[in-house]
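Student: I would like to learn how to read the features of a structure like this one. Please start with the sheets.

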Amino acid sequence: MTEYSSELLRSLSSRGYIHQVTDAAALDALASKQVVPGYIGFDPTAPSLHVGSLVQIMLLRRLQQAGHKPIVLMGGGTGKVGDPSFKDEARKLMTVDTIAANIASIKTVFERFLTFGDGPTDAILLDNAEWLDALEYLPFLRDYGQHFSVNRMLSFDSVKLRLDREQSLSFLEFNYMILQAYDFLELSRRAGCRLQMGGSDQWGNIVNGIELSRRVDATEVFGVTTPLITTADGGKMGKTMSGAVWLNEDQLSHFDYWQFWRNTDDRDVGRFLRLFTDLPLDEIARLESLEGAGINEAKKILATEATAMCRGRVAADEAAETARRTFEEGSAGGSLPSIFVPGGSIAIVDALIALELCASKGEARRKIAEGAIRVDDQPVADPAAIVSVASQVKISFGKKRHGLLVPA
């Protein structure tokens, strides 16, 4: 592991965030002597970010913890284009109203991870629509288009892989990397930003921004990318059978968020503790060395600490207690996903869909036939069964997913 002098790069390196760095020695020297404003961009493609974005949010948190200034850049402008990086097809274009609503919803998550304010290391949130919407096409092409080589842009993996698969790449999407590069230049001018961070798929876009700042303003700026975060079995971080693991609580219950972390593979516990919690490294080393039942205790600590950071300590403790009561005592905890049932009864298939334990009636019937569904811990064999809801009823899918039916 490379030895760094700055607290910033030491922290990022020791916790496993660094994949690539542009001119690591110069960035290390800069971070050792002054506050470094750094940014990450987030396109508002949905009302909530999901766990796949969490490592980038944690990067901004580490930046602030090391005494530097995080800049959260919302892509109100670039969101109108859509990042083509490693996508098989173009994203559906969103209306201005949808983008604005998504940004308003997403903003609330960052306040859990960062301290915002007017101080030198306080986080700020900006929207690139502020400058991108005001650009005039011909002046922009004349002033900045000359600095981009189409030959080089075609060589970037984010574009090349799409073309190699003979999948269409619109001219609109092709412009995305130019707009992102311009964002870096604009943030350098407006906020003294010296660092852009992002996932490994953003390397080409980040390098473009660094070169544009150097050519246009003769400003030295830097880039850091994180490795692709996959699970031990090779799966993509944050992808589950039931869908995305959303950060906003109105998109996913506290209990389901806690349970996602509790279900971490044994082999990922130490790595995820380093990436997604603030626990000291020596404590993490102790936890990841546990075996047998001990590793399950480490998973509970991971789940509670990660949930506390995103949803608050009270929500995390409630989710942990719900899990304890559900799995260790066999009772139904109050934080489980629940629905009210009018009329005193509901078809088991409809209940599974309403609780989002199954995505369709076909899936529900299959899971019942496989013996995976239980009502108050009793197996259900009949897909046409009607559940009486005179009092609270627990519905279970396997051993780890549960929901409650509550009389209306």
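Tutor: Two strands pair if DSSP finds at least two bridges between them. Helices (H or I, at least four residues) and strands (E, at least two) are DSSP runs, numbered from the N terminus. This is a predicted model, in which local features need pLDDT of at least 70 and side-chain atom pairs count only at pLDDT 80 or more, while totals for chains, interfaces and linings use all residues. Residues are numbered from 1 along each chain as its sequence is written, and side-chain values use heavy atoms, with hydrogens and water left out.

Student: How many bridges join strand 2 to strand 3?

Tutor: Strands of a sheet pair through backbone hydrogen bonds, either parallel or antiparallel. Here strand 2 (residues 37-42) and strand 3 (residues 69-74) run parallel and are joined by six bridges. Pro37 has Lys69 of strand 3 opposite.

Student: In what order do the six strands of the open sheet come?

Tutor: The order is 1-6-5-2-3-4, with mixed pairing. Strand 1 (20-21) and strand 4 (124-127) are the edge strands, each pairing on one side only.

Student: Which strands does helix 2 lie across?

Tutor: Two ideas are needed. Contact means heavy atoms within 4.5 Å. Axes are lines fitted to C-alpha atoms, for helices over the stretch in contact, and angles run from 0 to 180 degrees between N-to-C directions. Helix 2 (residues 24-33) lies across strand 1, strand 5 and strand 6, and runs at about 105° to strand 6. Helix 10 also packs on the sheet, where it touches strand 2, strand 3, strand 4, strand 5 and strand 6. The direction of helix 10 makes about 145° with that of strand 2.

Student: What is the order of the open sheet of five strands?

Tutor: That sheet has the order 9-15-14-11-12, and its pairing is mixed. Its edge strands, each pairing on one side only, are strand 9 (338-341) and strand 12 (378-379). Strand 11 (residues 373-375) and strand 14 (residues 393-397) run antiparallel, joined by three bridges. Arg374 has Ser396 in strand 14 as its bridge partner.

Student: What span does helix 11 reach, and what span is expected?

Tutor: The expected span of a helix is 1.5 Å times one less than its number of residues. Helix 11 (residues 203-217) has 15 residues and reaches 21 Å from first C-alpha to last, close to the expected 21 Å.

Student: Which elements do the buried residues of helix 11 pack against?

Tutor: Buried means under 20% relative accessible area, exposed over 50%, and partly exposed in between (1.4 Å probe, protein chains only). The buried residues of helix 11 include Ile206, Val207, Ile210 and Leu212. The buried set packs against helix 6 (137-144), helix 7 (150-155), helix 10 (176-191), strand 5 (195-199) and strand 6 (222-226).

Student: What follows helix 11?

Tutor: Ala218 follows helix 11, with a positive phi near 55°, although Ala218 is not a glycine. Ala218 lies in the loop between helix 11 and strand 6 and is exposed, at 68% relative accessible area. Asp23 also has a positive phi, near 50°. Asp23 sits in the loop between strand 1 and helix 2 and is partly exposed, at 46%.

Student: How many aromatic pairs does a search of the whole structure find?

Tutor: Rings of Phe, Tyr and Trp (its six-membered ring) pair if their centres lie within 6.5 Å; planes under 30 degrees apart count as stacked, over 60 as edge-to-face and the rest as tilted. The search finds 10 aromatic pairs. Phe42 and Phe110 form an edge-to-face pair, at 5.0 Å centre to centre with 65° between the planes. Phe42 lies in strand 2 and Phe110 in helix 4 (residues 96-113), so the pair ties together parts 68 residues apart in sequence. Phe42 is buried at 5% relative accessibility, and Phe110 is buried at 0%.

Student: Why is the pair of Trp261 and Phe276 called tilted?

Tutor: The ring planes of Trp261 and Phe276 are at 55°, with centres 5.1 Å apart, so the pair is tilted. Trp261 is in helix 12 (residues 254-262) and Phe276 in helix 13 (residues 269-276). Tyr257, Phe260, Trp261, Phe272 and Phe276 form one aromatic cluster.

Student: What lies over the face of Tyr257?

Tutor: A charge sits over a ring if NZ of Lys or CZ of Arg is within 6 Å of the ring centre and within 35 degrees of the ring normal. Arg311 lies over the face of Tyr257, at 4.7 Å from the ring centre.
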